[in-house]
Amino acid sequence: MTHYLSNYAKFNTKEEMDAAARQHTDIHWNAMNKTDRAVLEMIRCYSVKYLAAHLKHETIEKKLGKANSTIRRAICKLEELGIIERIHYVRPVMSGLGANIYVILPVNGHWTK
């Protein structure tokens, strides 16, 4: 049985995803602050098994000790930089919005910001 998060994966292996996360960090180092990098690292860590992470903002807030607005800003910045994709997830049983799915994106050599 395939885990539902595997359907969102952009890579074939954990090593490919890790390499892309490192490249994104190197490319966008000056555009990212410490919190942005910490959020990316948390998404990467939670993505190890299925190459995508299903996380609540609250989980990220508690783990990093940051405010909700700070986490939201960091996620928006990572999206704008083309580092992650946020997928809004609707819970099948309750038919309501659940935690978002976050996917680290492959590095696009032509990306400029």
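The following questions and answers look at how terms are applied to this predicted model.

User: What rules apply to this model, and how are residues numbered?
Analyst: Residues are numbered from 1 along each chain as its sequence is written, and side-chain values use heavy atoms, with hydrogens and water left out. The model is predicted, so local features need pLDDT of at least 70 and side-chain atom pairs count only at pLDDT 80 or more, while totals for chains, interfaces and linings use all residues.

User: What secondary structure does the protein have?
Analyst: It comes to 4 helices and 3 strands. Helices (H or I, at least four residues) and strands (E, at least two) are DSSP runs, numbered from the N terminus. From that end, the order is α-α-β-α-α-β-β.

User: Why is Tyr102 called buried?
Analyst: Buried means under 20% relative accessible area; exposed means over 50%, and partly exposed lies in between (1.4 Å probe, protein chains only). Tyr102 has 0% relative accessibility, so it counts as buried. Its place is in strand β3 (residues 100-104).

User: What does Tyr102 touch?
Analyst: Contact means heavy atoms within 4.5 Å. Leaving out residues up to four places away in sequence, the contacts of Tyr102 include Ile43, Ala53, His57, Ile84 and Arg86. Take Ala53: it is 49 residues from Tyr102 in sequence, but the two are 5.1 Å apart in space, C-alpha to C-alpha.

User: Why does His24 count as buried?
Analyst: Its relative accessibility is 3%, so His24 counts as buried. His24 is in helix α1 (residues 14-27). Among the residues it touches, beyond four places in sequence, are Met32, Gly82, Ile104 and Pro106.

User: What makes Pro106 partly exposed?
Analyst: Its relative accessible area is 40%, so Pro106 is partly exposed. Pro106 is found in the segment after β3. Not counting residues up to four places away in sequence, it touches Lys10, Phe11 and His24. Pro106 and Phe11 are 95 residues apart in sequence and 7.6 Å apart in space, C-alpha to C-alpha.

User: How do α2 and α3 pack?
Analyst: Helix α2 (residues 34-46) and helix α3 (residues 57-64) pack at about 115 degrees, with axes 11 Å apart. Axes are lines fitted to C-alpha atoms, for helices over the stretch in contact, and angles run from 0 to 180 degrees between N-to-C directions. Ala38, Val39, Met42 and Tyr46 in α2 meet Thr59, Ile60, Lys63 and Leu64 in α3. By class, this contact has 6 nonpolar, 1 polar and 1 charged residues. Here Ala, Val, Leu, Ile, Met, Phe, Trp, Tyr, Cys and Pro count as nonpolar, Asp, Glu, Lys and Arg as charged, and the others, Gly among them, as polar.

User: How do you know that a charge sits over the ring of Trp29?
Analyst: The rule asks for NZ of Lys or CZ of Arg within 6 Å of the ring centre and within 35 degrees of the ring normal. The charged end of Arg37 sits over the Trp29 ring, 3.8 Å from its centre.

User: How much of the protein is buried?
Analyst: Buried residues make up 38% of the 113 residues.
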